[in-house]
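Colleague: Please take one part of this model and go through it closely. Then show me what else you would look at.

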Amino acid sequence: MTTMTTRTLLVGAAIVGLLTLGTSAQSGNIQQAVDSAYEQFKTLKEGKNADYIPALAKVDPNLFGIAVVTADGKVYTAGDIKTEVSIQSISKVFTMAQVIQEQGPEAIEKRIGVDATGARFNSIIAVEGVRTVVGTGAPEMNPLVNPGAISATSMVRGASSDEVWKKIIGFHNDAAGRQLTVLQDVYKSESDTNQRNQAIGALMLAYGYIKDNWQQAVDLYTRQCSIGVNASDLATMAATLAFAGKNPVTNKQVLEAAKVPGVLAVMATAGLYDDSGKWLYHTGLPAKSGVGGGIIAVSPGKFGIAVVSPPLDDAGNSVRAQRAIAAISNQLGGNPYVAARKE
Ligand code: DON
């Protein structure tokens, strides 16, 4: 009885959210949901900054910013939405999207795969033990773990490292709607300490996932992970994916609409690594985390959301970002698996 009542309430709340999102009357609802999550989680102290990249350990753990971007390009915010953190693994989504845009979804599926590995994001055993799909020989990996991401970066076409970089940063700029820059201290710190990713790059070449110059791929990957972003940039990037590849703030078509569902599917499968299943179970949202403390999440057709808060859980996902996004999305009816019921 209690369960039924709770469930009825939850479904009811989701339907109210669905019905009320998208007209100007509910600007207030969205702002209220953002403010209330900020108040609720600002004192939460769980988790710890990443420290395997020394520069990340120095970032203020109290930094906490939330942003939601809707179809009309409105940005709803709370907390610190100005301070930049490094984008880290969230960049993997946009480099994957760029390769899909340029070479089609099958290029990623065949070379890297679109399956969960169930392993940590920088697992080397996952490369050694990768299974292949019977018939096609495609690996069961994905572009959101480090080995797949370094391979995806290696697939961006260009005659020189500079040319490839211009394309990568250009795509990120378009999704964020402004000129982004690399946080040089993070880039240097990670370049000095990324021997594990270098090993992964060499191994990916040995197995033929990377065709040549793994050193360039690892360097460009490290640089893309060091791009500086704030919560508002990240929410705009999420919103670009929420609205069929068109940035709702600048109105620029960044990614072909037909290419967006594949990107979101990989995010749903592997965006929070070995905790992706739990995340999807509770929110239904395709999302991506970064060890800089950001998480983006996408409610297709409704909103893009991002939270920045550096302390991470054991899987490498920001603790406050997960809690705040889940609370806001559930309040706004963001779960795409919740259908409005016909009475
Ligand atoms: O390669 C690394 O280890 C980092 N540049 C990115 C890892 C990351 O963000 C994992 N995300 N949660």
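Modeller: Start with the buried residues of helix α4: I90, S91, K92, V93, F94, T95, M96, A97, Q98, V99, I100 and Q103. Buried means under 20% relative accessible area, exposed over 50%, partly exposed in between (1.4 Å probe, protein chains only). This is a predicted model: local features need pLDDT of at least 70, side-chain atom pairs 80 or more, and totals for chains, interfaces and linings use all residues. Residues are numbered from 1 along each chain, and side-chain values use heavy atoms, without hydrogens or water.

So how much of α4 is covered? Mostly covered is the answer: 12 of its 14 residues are buried. The helix runs over residues 90-103. From first C-alpha to last, α4 reaches 21 Å, close to the 20 Å expected. That expectation is 1.5 Å times one less than the number of residues. G104 follows α4, and its phi is positive, near 90°. Helices (H or I, at least four residues) and strands (E, at least two) are DSSP runs, numbered from the N terminus.

Now step back along the chain to the strands. β1 covers residues 65-70 and β2 covers residues 75-79. They pair in the antiparallel sense, over five bridges; pairing takes at least two DSSP bridges. Look at A67: its bridge partner in β2 is T77.

Next, the rings. The whole structure holds four aromatic pairs (Phe, Tyr or Trp six-membered ring centres within 6.5 Å; planes under 30 degrees apart are stacked, over 60 edge-to-face, the rest tilted). Y38 and F64 form a stacked pair, with 5.0 Å centre to centre and 15° between the planes. Y38 lies in helix α2 (residues 27-41), and F64 lies in the loop between α3 (54-57) and β1, so this pair ties together parts that are 26 residues apart in sequence. F64 counts as buried because its relative accessibility is 3%.

Y207 and Y209 make a tilted pair: 6.3 Å centre to centre, 45° between the planes. Y207 is partly exposed, since its relative accessible area is 42%. Y209 counts as buried, at 10% relative accessibility. Finally, find Y52, F121 and Y273: ring pairs link them into a cluster.
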